[in-house]
Amino acid sequence: MADVELKKAFTELKSKTTETASRIKAVDTQVEQCKNRGKHAELTYAEIENAPSDTKLYESVGRMFVLETQDTILEQLKDKAMKSREQIQALEQQKVYLSKNLKESEQALRELVESKKSSVKAS
């Protein structure tokens, strides 16, 4: 009876550990995407800022392009870079939580294996 319960607990902990590890990988991927978006916005901002003020700038809206002022475009790029940084911070916090959760699951798994070994030795 205890052996069945032990196997069930082991399976649950193993699946939780695997799920948490895959979620950490997904968060890493999202962080990289946010970093790339932020870097793209910063580089574009630097190029547009150096452009003459009479340069025509267009914003993509669906399938069309709308003429915008340089200040409007620069403000949008600043916002985009700032939002990317905020998302990165939130994702890093989520990653810390998931890592902590993963360590706890792994520790519980080790303890379960140790208890199984000790119960087998006692028998």
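Which residues form a nonpolar patch on the surface? Select Tyr 58, Phe 65 and Leu 67: together they have about 370 Å² of accessible area. In such a patch, residues have over 30% relative accessible area and no salt bridge, and nonpolar side chains (Val, Leu, Ile, Met, Phe, Trp, Tyr) are joined within 5 Å. A salt bridge is a side-chain nitrogen of Lys or Arg within 4 Å of a carboxyl oxygen of Asp or Glu. Accessible areas come from the Shrake-Rupley method with a 1.4 Å probe.

Before moving on, note that this is a predicted model: local features need pLDDT of at least 70, side-chain atom pairs count only at pLDDT 80 or more, and totals for chains, interfaces and linings use all residues. Residues are numbered from 1 along each chain as its sequence is written, and side-chain values use heavy atoms, leaving out hydrogens and water.

Now colour strand 2 (residues 64-68), where Leu 67 sits. Strands are DSSP runs of E with at least two residues, and helices are runs of H or I with at least four.

Next, pick Leu 102 in helix 2 (residues 70-122). Leu 102 counts as buried because its relative accessibility is 14%, buried meaning under 20%. Show its neighbours: beyond residues up to four places away in sequence, Leu 102 touches Thr 17, Thr 20, Ala 21 and Ile 24, where contact means heavy atoms within 4.5 Å.

Finish at Thr 17, in helix 1 (residues 2-50). Is Thr 17 buried or exposed? Thr 17 is buried, with a relative accessible area of 10%. A polar atom of its side chain lies 2.8 Å from the backbone oxygen of Leu 13.

Notes:
Patches are made of residues with over 30% relative accessible area and no salt bridge: like charges are joined within 9 Å, nonpolar side chains (Val, Leu, Ile, Met, Phe, Trp, Tyr) within 5 Å. Buried means under 20% relative accessible area, exposed over 50%, partly exposed in between (1.4 Å probe, protein chains only). A polar contact is a pair of N or O atoms within 3.5 Å; within protein, one must be able to donate a hydrogen and the other to accept it, and residues adjacent in sequence count only if both atoms are side-chain atoms.
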